[in-house]
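My entries follow the order in which I checked them.

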Amino acid sequence: MKNILVVDDSALMRRVLSDIINKDDELHTEYSATDGMEALEILKKKEFDAIVLDIIMPKMNGIELLQEMNRLELKPKVIIVSTIARHGAWETIKALELGAFDFVTKPDSLADIRSKEFAVKLLQRLYLALELSWNSSKAELLKSKLMHRMNEQPVVPGREHSPKNGVTGSGKLVAIACSTGGPKALQKVIPRLPADLDAAVLIVQHMPVGFTASLSSRLNELSNMQVKEAEDGETLKKGTVYIARGGSQMRLIEKKRREYNLSVRVEAARNGLRPCADIMYESLKGTSFDDITCVVLTGMGADGTKGILQLEESNKIYVIAQDAESCTVYGMPKAIAESGAVDEIHDLDQIADAIIKHVGVR
């Protein structure tokens with residue numbers, strides 16, 4: 001049984017989180033802390049497999065606790081339970097930088113906090129972090145309740161990769177898909193791309209409303225290329241990275257030959273995902289790019305595979321996937337690799353170089 005430490009300054013949240021964990025037959029918690037300082041003292045005395053951690057707390061916040069854990073080389077997996085306020089979103093991105101495995105948004109209402117959906121989201125993240133398997137009843141619950149469904153998209157094992165020539169025209173595009181572990185992975189890829197990359201970059205990172213703006217801002221600080229949250233109606237420009245807005249779907253619209261606008265609209269989720277990478281890739285079908293580089297990074301499920309396989313039918317594409325060893329969760333890259341559509345598989349540290357080598361600079 002895996003031992004979990006709960007850290008939150010709210011007595012209600014500590015009780016709710018502990019109840020969720022202790023109702024599961026693979027997890028257990030008997031210790032909790034009201035702030036990072038108290039948690040650190042507990043961590044120095046006892047061993048834990050994982051920590052469920054709030055960010056905004058008195059005395060020592062979640063970011064400071066993660067920094068101390070790194071300094072002391074304490075290795076429990078960390079799941080952040082965070083609000084979606086602007087400040088909380090920025091702090092959550094920082095927590096992922098510091099090694100947190102993933103995050104769950106903290107509901108606004110008491111009813112939502114006590115809901116099965118919140119409970120399953122939390123348990124699913126803990127199971128992934130601790131490399132535990134869901135039994136059939138948990139898997140069924142995931143299918144009906146969670147945003148990120150497991151292994152739903154069809155893949156075609158052994159399929160030969162034979163991209164079509166497509167329509168000639170307006171240069172190159174890079175389109176990236178990622179989910180769990182993606183914010184940290186993107187920090188290993190986007191800052192290494194040059195400002196004169198001969199393409200614009202589109203990114204679908206599975207995140208809720210409020211977090212993609214903070215992710216974009218942080219990556220922009222670190223990068224040579226301009227990184228921004230995508231806006232509805234804006235014109236695509238080389239040397240710019242556009243991150244799909246959480247809670248919306250992003251498409252590329254070819255207004256006329258060689259001119260593209262982004263469509264960013266609040267609409268229905270597909271397979272529980274908003275944004276959804278399949279929708280982004282499908283929107284590229286028939287566009288007049290000479291070449292589209294599709295990059296699939298760490299993430300659970302199979303989002304992106306169906307869209308890439310459809311895109312391959314009409315356009316010349318080149319597919320780069322992250323390898324299993326460097327993934328936080330080897331789901332999305334595994335799905336595209338098993339489809340047979342991948343041209344290169346690389347460790348995360350080599351992904352940027354692979355993109356530059358294929359796309360080139362201006």
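I began with Tyr31, which I noted as partly exposed because its relative accessibility is 27% (buried means under 20% relative accessible area, exposed over 50%, and partly exposed in between, with a 1.4 Å probe and protein chains only). Phe48, by contrast, is buried at a relative accessible area of 9%.

I reminded myself that this is a predicted model, in which local features need pLDDT of at least 70, side-chain atom pairs count only at pLDDT 80 or more, and totals for chains, interfaces and linings use all residues. Residues are numbered from 1 along each chain as its sequence is written, and side-chain values use heavy atoms, with hydrogens and water left out. The mean pLDDT (the predictor's confidence in each residue, from 0 to 100) is 89 for the protein, and 89% of its residues reach 70 or more.

Next I looked up the aromatic pairs, and I found three in the structure (rings of Phe, Tyr and Trp, the last by its six-membered ring, pair if their centres lie within 6.5 Å; planes under 30 degrees apart count as stacked, over 60 as edge-to-face and the rest as tilted). The ring centres of Tyr31 and Phe48 are 6.1 Å apart and their planes stand at 85°, so I recorded this pair as edge-to-face.

For Phe103 and Phe211 I wrote down centres 4.7 Å apart and planes at 35°, so this pair is tilted. Both Phe103 and Phe211 are buried.
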